[in-house]
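The entries follow the order in which I took them up.

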Amino acid sequence: MPDFAFAKPALPRTGALVLLIAEGEAPWQAADTAAGGGIVRALKAAEFTGKKGQTCTILAPAMPGGTISRIVAVGLGKAGEVTRLGAEEAGGAAAALLAREEHATVAAQGLTPGLAASVATGMALRAWRFDRYRTTEKETDKPKLAKVTVLTEDLAAARAAHAPMAAVVDGVFLTRELVAEPPNVLYPAEMAERCKKLEALGVKVEILGPKEMKKLGFGALLGVAQGSAHEPRMVVMQWHGAGGRGKGAAAPLAFVGKGVTFDTGGISIKPAAGMEDMKWDMAGAGAVVGLMAALAGRKAKVNAVGLVGLVENMPSGTAQRPGDVVKTASGQTVEVINTDAEGRLVLADVLWYCQERFEPRFMIDLATLTGAMIIALGHEYAGFFSNDDTLSKQLHEAGEATGEKMWRMPLGEAYDKQIKSDIADMKNVGGRPGGAITAAQFVQRFVNKKTWAHLDIAGMAWSSKDAPCVPKGATAFGVRLLDRLVADHYEK
Ligand code: BES
Ligand code: MN
Ligand code: ZN
């Protein structure tokens, strides 16, 4: 990952030069003059107009007095309409073209210091890569970018804007790493250990094992875990940023994540093709961990708790069977028709515990819960369900602002009927019609009137193609979204 620094505008002599250019605007005059008008000519020949997302690389421009290796022009779209997200995406697009450079200088011409910081943020987000398990990669295939200097007039303002963004980026990276780790490495106890590292940021971290969860009556979560050789864990993370502890403290915001470190389906086993994808069935929990790191890292003035239920869903002689009836922490019983509908069983106990213990201001859960969610919305929007219109509006807006887009789905009694059981209080599947909705109805049965939203991120946790700020692979969907939700509406 490159280092980022800000400096006053001055033409670099070496390395790469990134020119951010709005529609109809001329590139940086000083650079074009040094190139004898060659930049304007090259961009014209390439029909570069500054349209959003447009890029143009000019190799080895003739610029006497220096040895600039390449100029990367990136379109910003309409001048005066550049948003934080737009600036991040321009940075991300540039980063994708700089892998073979060691040093890049970015001319954030005409951008506010805040937007200059966003450009740096977008570059960092795109330049991330998970190469822990590559041992034989050739030097020529490895990205070299080590240092990025962003040019801006007001250094203090740019640095002040960048510091909290860098903390969020660190949270995103933590999530991506957890999600990308293979399932033999990242099992529940290992993921819990990695949560412990948040203590360095001032987060209080508690880890509960099967004994403690048994005492709490977590029959649903433990039923999922019982087929695995790996013990389950629940991790409770607390960030007190709003000041005050104990009785007088402001009620926290609560975030709850599904953390199935591998989902084989259990006895209702999944087909072999693509099963490896189920290593990222802990992406909801991963997002909660990264979000807590982001909030603590930027010292958000808010009280927040993050709870993750960590289990591995395996078939074995001790695994739960279709037909089993389990008792949840809430006291409600569930007939387990399909052991592959395990995420909702995990959420049921953790959500119940969370609201009983913390009486939070709201609860938001994140889960790679259903394939049906992907059928409904594809990989463009995460679907969400909520019992609160204000929170729904805030989530939708935070999605538009961060590019982690959200679409509200319906809830209702008719759907709830689909999960009636003949033997228990409910069954864990509601048939194929509206599969994402009946899953949400199931989850809602473990929420007391409290303000709540459920984010089904099944289609968003992993990406098969690069996006401007998200290289293909683990996306960390939810971290930037919920950080923004908190920043815009819930900080003092
Ligand atoms: N983890 C899966 C959902 C999933 C599928 C996420 C594909 C990402 C990609 C979940 O545990 C699951 O298996 N759900 C079942 C529910 C069904 C048995 C009612 C599904 O969606 O098929
Ligand atoms: Mn499953
Ligand atoms: Zn699952």
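**Entry 1: the zinc site**

I looked up the zinc ion (ligand 3) and found it coordinated by K258 (NZ), D263 (OD), D281 (OD) and E342 (OE), at 2.0 to 2.4 Å. Donors are N, O and S atoms within 2.8 Å of the metal (3.2 Å for Na, K and Ca); water is not among the atoms, so sites may look incomplete. The model is predicted: local features need pLDDT of at least 70 and side-chain atom pairs count only at pLDDT 80 or more, while totals for chains, interfaces and linings use all residues. Residues are numbered from 1 along each chain as its sequence is written, chains are lettered from A and ligands numbered from 1 in the order in which they are written, and side-chain values use heavy atoms, with hydrogens and water left out.

I noted the geometry next.

**Entry 2: the manganese site**

**Entry 3: the bridge**

Which residue bridges the two metal ions? I found that D263 does so, with the zinc ion (ligand 3) and the manganese ion (ligand 2) 3.1 Å apart. I also checked burial (under 20% relative accessible area, 1.4 Å probe, protein chains only). D263 is buried at 3%, and E342 is buried at 1%.

**Entry 4: ligand 1**

I listed 17 residues around ligand 1, of which K270, D281, D340, E342 and G371 come nearest (a heavy atom within 4 Å). The shell divides into 6 nonpolar, 4 polar and 7 charged residues.

I then looked up polar contacts (pairs of N or O atoms within 3.5 Å). Oxygen atoms of ligand 1 lie 3.2 Å from a polar side-chain atom of K258, 2.9 Å from an N or O atom in the side chain of D263 and 2.8 Å from one in the side chain of E342. The protein covers 77% of the 510 Å² of accessible area that ligand 1 has on its own (Shrake-Rupley method, 1.4 Å probe).

Conventions:
Buried means under 20% relative accessible area, exposed over 50%, partly exposed in between (1.4 Å probe, protein chains only). A polar contact is a pair of N or O atoms within 3.5 Å; within protein, one must be able to donate a hydrogen and the other to accept it, and residues adjacent in sequence count only if both atoms are side-chain atoms. Ala, Val, Leu, Ile, Met, Phe, Trp, Tyr, Cys and Pro count as nonpolar, Asp, Glu, Lys and Arg as charged, and the others, Gly among them, as polar.
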